[in-house]
Amino acid sequence: MAAVLCVGLTTLDVTQRVDAFPEPGQKIRSLGAVLSPGGPAANAARAVAALGGRAALLTALGADALGEFVRASLEPVQVTAVPGTTPVSMVVVRDADGERTVVSRNASVPVEAPDLSDLLDAADVVLLDGHHEGLVIPVARQAKAMGLPVVLDAGSWKPVLDHLLPLVDVAACSHGFERSEAEVHSYGVPLVIRTQGAKPVTWSRNGSSGELPVPAVEVKDTNGAGDVWHGAYAYALASGADPVAAIGFASEAAAVRVGAVGDWVERLARWQDSRSGSTSC
């Protein structure tokens, strides 16, 4: 079973669907509300588990009701949580096109890494999101020393990336990531990928470059789509896929996410079962 260790941010997401985003000072009625785990690392781990992989998550959670709810909701992901806080993300999704807006505290308390031996020994690939510097740097250093592939979810520039990028094998950047492909390569990153929503995903490696189209899909919810992309990409690598070929699989998985309202984890698992020829529903 392909095993991925996801390291970084976990949040509690409060998601509400609306007909239209409110104006400043306006009060509106939502179409529905959902509480769920969120955050780049946690969502990626949930995607790995839904796809049939062994997902481990190293993160920080508070020792409170919020942290307990998130931990319980992450099953079957193996969660290792150091003491910290449980950030709350307020997510508003526009019903017509799935566009979302997010307000979140993210990682705000310094944390220290536990003994990493067992987590890394069990992993085929390590996926980092750049949050929780006290976790991602020690993990990246040890993974690099062990020869484990290290994938970075580069959503936005963070100061820690000056130290993290030299330890990364694949940097998967969002459309809005503030550094060019050439700048990322200058840190020694062999493969740089950039996702661009509905536009083709671009990649560059060893002087070669290319692009791969993404599936056309009716977009219902974009929240966490990038996280699912990264989780699916890491899962594909852990399963033995070529690093460039894995892009297509990740984009297909992300398309399943944006086409789902509600339990995207179950929908992703069903999609994977259908790809495997399973008759389960």
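Buried means under 20% relative accessible area, exposed over 50%, and partly exposed in between, with a 1.4 Å probe and protein chains only. Helices (H or I, at least four residues) and strands (E, at least two) are DSSP runs, numbered from the N terminus.

The model is predicted: local features need pLDDT of at least 70, side-chain atom pairs count only at pLDDT 80 or more, and totals for chains, interfaces and linings use all residues. Residues are numbered from 1 along each chain as its sequence is written, and side-chain values use heavy atoms, without hydrogens and water.

**View 1. The whole fold.** The protein holds nine helices and 13 strands. The C-alpha trace spans about 50 × 45 × 40 Å along its principal axes. Of the 281 residues, 48% are buried.

**View 2. Helix H8, end to end.** H8 covers residues 246-258. The expected span is 1.5 Å times one less than the number of residues.

**View 3. H8 enclosed.** In H8, 11 of the 13 residues are buried, so the rest of the structure largely encloses this helix. Among the buried residues are Ile247, Phe249, Val256, Arg257 and Val258.

**View 4. Partners of H8.** Contact means heavy atoms within 4.5 Å. The buried residues of H8 pack against strands S11 (191-196), S12 (199-205) and S13 (208-212). They also pack against helices H7 (225-238) and H9 (264-275).
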